[in-house]
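Here is a friendly walk through the chains and the places where they meet. Have a look at the model first, then read on.

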Amino acid sequence: MENLLILIVVLPLIGSIINGTLGYFIQKRYSGKVNGIIATSSISISFLIAFYLFLQLLSMDIDSRRITINLYNWIFAGNLSVDLEFVLDPLSAVMVLVVSGVGSLIHLYSIGYMHSDKSQWRYFSYLNLFAFAMLVLVMADNLILMFVGWEGVGLCSYLLIGFWYQDLDKATAGMKAFIVNRVGDFGFLLGLFFLINGISSVNGGEAVSLSFSYLKEISYSLVSVQFYSIALPTIIGILFFIGATGKSAQIPLYVWLPDAMAGPTPVSALIHAATMVTAGVYMIARLNFIYVHSPVALTVVVVVGATTALYAATMGFAQTDIKKVLAYSTISQLGFMFAAVGSAAFSSGIFHLMTHAFFKACLFLGAGSVIHAMSGEQDIRKMGALKGKIPVTYYTFLIASLAIAGIPGFSGFFSKDEILYRSFMSASSYTGTWGYIAFTLLLIAALCTAFYMFRLVFITFYGSEVRSDKKVVEHIHESPLSMTSVLVLLAFLSIAGGYIGLPEIFGVHSLFDGFLKPIFEDSESILSIPHSHTTEWLIMFLSVIAAAIGIYAAYLIYYRGGYEGAKTIRTKISRIHYVVENKYFVDEIYNILIVDSVKVVSYLFSLFDKYVIDGIVNLAAKITVLFADLDGLIDKYVVDGLVNLVAQGIKYIGERLRSLQTGRIQDYVYIMVSGGFLGLILIRILNFLISK
Amino acid sequence: MQLTAQEFLILAAFLFSTGIYIILTRQNAIAILMGVELILNSVNINFVTFDRFVLGKIDGNVAAIINIMLAASEVAVVLAIVIGIFRKTKSVEADRLDTLKG
Amino acid sequence: MIFKLLFYLISLGILGFALITAFSQNIIRSVFALLGVMIGVACLYGIMGSAYLSVIQIMIYVGGIMVLFIFAVMFTSKIQDVEVTNRSLGRIQAAILSISIFLMFLFLILFYPFNQSVEANEETVERIGKAISIDYLPLLIGIGIILLVSLVGAITMARVRKED
């Protein structure tokens with residue numbers, strides 16, 4: 001049974017490899033549909049296996065619901081020992097089902113959506129690769145393996161956002177996503193280092209493993225470890241959260257998510273709605289036993305999450321691209337999730353994660369359907385009156401919007417309401433005033449959510465006519481079955497999915513919470529958060545009111561007033577509108593602060609390189625040339641001079657001697673005679689001397 | 001008083017030196033040849049003197065005769081050469097005959 | 001006694017003629033002076049008792065060689081000797097050399113004793129003939145060959161070439 005775990009993870013990988021190597025030929029020979037079928041089947045089978053194992057888990061004893069498999073001992077460095085280990089426990093089971101389930105639906109949808117693209121094989125290969133990485137992330141049994149999946153989904157996000165890389169803007173968006181992600185990952189890595197260091201200082205020299213069970217045991221002793229007089233859980237809690245802000249698009253590292261809409265719509269649905277962006281929430285939920293030891297870190301998470309929720313929601317007011325509205329909506333909803341886990345309501349956060357996956361995927365795929373119908377148009381100002389023309393899309397979109405707005409009866413209501421309640425209650429436990437502030441922010445954000453979603457609905461689907469040219473209007477048609485079936489299924493889940501998490505005030509035990517209890521109960525008991533049914537009803541009431549107000553305001557402005565009415569209002573608040581429309585100029589600020597300063601530094605370095613280093617090199621070259629010239633001179637004047645001198649000398653001597661050769665015999669005679677004569681004299685003298 | 005060898009020998013020496021002087025000094029090729037003749041004669045005198053006064057043999061005379069013969073043939077050849085040169089270069093100046101120069 | 005006187009007379013003549021040969025500007029005068037030297041030397045041979053040799057001297061030297069000289073001078077017909085111009089070898093050097101040679105000889109002659117026997121060593125033609133034919137026969141033949149060769153050579157060189 002454990003071996004099936006590997007299968008879940010590996011099947012998408014195999015699908016990715018098949019599409020990556022043979023996919024081009026398969027697409028050419030048959031059609032892109034075959035690639036899609038290969039990809040969809042691999043992940044669907046993973047889902048079926050996961051579901052089977054989920055049922056197995058249910059049949060197990062509640063306290064021992066764990067299926068693990070250890071492949072081999074991967075890293076052993078010093079006293080750090082990391083295994084390649086996968087686990088299926090309630091938390092990972094929920095994640096796996098969401099990822100593979102929603103993932104399979106999106107794979108199916110993609111077959112229809114991408115039917116005219118040239119590189120479908122590449123798309124499906126990347127999509128499967130992403131599924132593989134995400135599954136590794138959620139099924140990893142230790143922090144390092146999870147980080148592998150963490151990085152893997154970041155990579156696939158880059159590949160898929162920049163899928164149409166021939167367009168420079170799209171490719172740049174991919175790069176932005178990856179780089180911003182990386183900044184967050186830096187925080188994550190720092191947290192890891194502190195963690196390892198801290199563990200080795202309390203575990204007495206034995207092997208450090210980063211498996212979650214081990215970490216849970218040791219988390220109690222980690223409280224006593226301090227770096228720079230800050231408790232270790234706080235340090236790593238905040239550092240890991242920084243990683244989460246990058247991956248899950250919270251303040252300040254959210255800027256990549258809106259740009260990521262440059263990728264194909266199914267990608268936005270899968271990665272940036274249902275799965276990858278939720279990795280941060282999952283991570284905190286997984287490490288709950290560390291976070292509960294640090295109220296400070298939890299408070300930070302709550303505040304940042306709540307602030308992001310409201311901040312992103314306001315931006316949804318002024319966006320005109322249908323996908324961008326949904327992108328900011330995702331950021332906002334993620335803020336809700338972080339507020340949940342920050343209030344130690346871990347299962348609530350995961351619950352909202354799941355319901356959000358349903359309705360956000362439905363919304364994105366519905367948007368894809370709209371774009372498909374509008375022949376690629378994404379600007380809502382050019383839409384309108386689509387209600388009658390693409391009914392299936394309209395109704396599913398409407399259902400999902402009601403869910404996200406938090407209308408009772410739909411899944412979003414239950415999950416969102418629980419978050420509001422828990423954040424409020426956490427104030428009296430450890431978050432203090434921050435908790436109340438967070439609660440207020442979240443409540444307003446809920447209102448805004450309802451408002452902007454229905455603004456979107458009214459502008460896109462209502463109105464008297466479609467605000468585009470005739471050619472586009474004629475082409476409007478409902479999407480094929482492969483797409484609409486998925487929409488319907490997701491819409492259904494957006495309603496029904498909430499009922500497994502009914503809160504206790506309705507008199508039933510939340511199935512969801514019960515399922516996840518073994519994971520979280522130990523941690524939740526550390527922080528004593530009070531419960532009050534009265535407060536819960538009150539807050540539920542408040543959230544419904546907020547949602548109703550939001551929808552009504554949108555109705556007034558956009559339905560009654562119509563599109564023109566909206567425009568007049570815009571001119572009235574034109575200045576504020578301008579700022580909101582431009583996303584509070586955050587991207588521009590980042591650009592100046594960070595990108596430009598990096599550019600300045602690199603320019604300075606390039607100057608250094610050009611003048612100093614090149615200067616030195618040139619100087620060396622000049623010196624060499626100088627020496628060469630000098631040598632040349634020496635060679636020319638000294639060496640050659642010597643040689644010439646010798647030659648001259650010989651010539652001179654020769655000429656002098658030559659003058660002896662007069663050619664006149666008398667001179668020769670003279671020399672001979674005098675020579676002989678002198679010789680005789682010499683002999684005479686020598687004889688004389690010798691005889692002496 | 002008797003004649004002594006030294007007197008003859010001094011005379012021969014004088015003739016020899018004069019012959020050297022003539023060879024070195026004169027410009028005319030024929031004059032140079034005359035100097036050679038003078039030397040040859042002084043040698044002859046030497047031969048005969050030694051023969052007569054010191055040795056008492058006859059070989060010196062024989063040598064002198066042979067010498068005269070050689071001188072004769074040598075002069076013949078040399079003068080033929082000089083005439084040939086004169087035909088070629090129209091001069092017998094020793095200074096002109098310097099093609100061995102250099 | 002008389003021989004000594006005669007000797008000095010004749011040697012004076014020889015010296016004088018030799019000096020004329022050396023220093024005369026006129027080539028004919030030099031030639032005739034040389035002629036005088038030859039005759040004087042012949043007389044000297046006579047004084048020394050070598051009559052045959054003196055006759056040979058007259059016959060060959062005077063009668064042959066000097067005549068040849070005169071003919072050569074006539075052929076090259078430059079009566080006036082050109083004055084010395086631009087000579088690297090000056091008269092001074094030549095004079096120095098010749099004087100030093102003379103002095104060397106002088107030194108040798110005067111300071112080296114050699115046994116002299118004053119009795120007259122009669123030379124007879126018979127003795128000369130015997131010596132040449134018996135002792136020095138190869139020399140004689142050699143001389144003959146030399147004379148032949150030089151004759152042929154001289155004629156070859158001196159003949160008038162016909163230009164074609």
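Chain A and chain C bury about 930 Å² between them, and carbon and sulfur atoms account for 69% of it. Buried area here is the accessible area (1.4 Å probe) that two parts lose on being put together, summed over both. On the chain A side, A:Tyr670, A:Phe677 and A:Arg684 supply 55% of the area that chain A buries against chain C, more than any other three residues. The contact involves 11 residues from chain A and 11 residues from chain C, where contact means heavy atoms within 4.5 Å.

How many salt bridges does the rule find across the interface of chain A and chain C? The count is 0, a salt bridge being a side-chain nitrogen of Lys or Arg within 4 Å of a carboxyl oxygen of Asp or Glu. By class, the side of chain A that touches chain C has 5 nonpolar, 3 polar and 3 charged residues. Ala, Val, Leu, Ile, Met, Phe, Trp, Tyr, Cys and Pro count as nonpolar, Asp, Glu, Lys and Arg as charged, and the others, Gly among them, as polar.

## How to read the model

This is a predicted model, in which local features need pLDDT of at least 70 and side-chain atom pairs count only at pLDDT 80 or more, while totals for chains, interfaces and linings use all residues. Residues are numbered from 1 along each chain as its sequence is written, chains are lettered from A and ligands numbered from 1 in the order in which they are written, and side-chain values use heavy atoms, with hydrogens and water left out.

## Chain A on its own

Chain A has 27 helices and 4 strands; helices (H or I, at least four residues) and strands (E, at least two) are DSSP runs, numbered from the N terminus. Of its 692 residues, 54% count as buried, meaning under 20% relative accessible area (1.4 Å probe, protein chains only). The accessible surface of chain A is about 29600 Å², with 68% belonging to carbon and sulfur atoms; such areas come from the Shrake-Rupley method with a 1.4 Å probe.

## Chain B and its contact with chain C

Chain B has 3 helices and 0 strands, and buried residues make up 65% of its 102 residues. In chain B, 70 residues are in contact with 82 residues of chain C. The area buried between chain B and chain C is about 7200 Å², with 73% from carbon and sulfur atoms.

There is 1 salt bridge between chain B and chain C. C:Lys4 pairs with B:Glu7 in a salt bridge, their closest N and O atoms being 2.8 Å apart. The rule also finds 11 residue pairs in polar contact (both at pLDDT 80 or more) across the interface of chain B and chain C. Elements giving two or more residues to this side of chain B are α1 (5–25), α2 (29–55) and α3 (59–89). The most comes from α3(B), with 22 residues.

Technical notes. Buried means under 20% relative accessible area, exposed over 50%, partly exposed in between (1.4 Å probe, protein chains only). A polar contact is a pair of N or O atoms within 3.5 Å; within protein, one must be able to donate a hydrogen and the other to accept it, and residues adjacent in sequence count only if both atoms are side-chain atoms.
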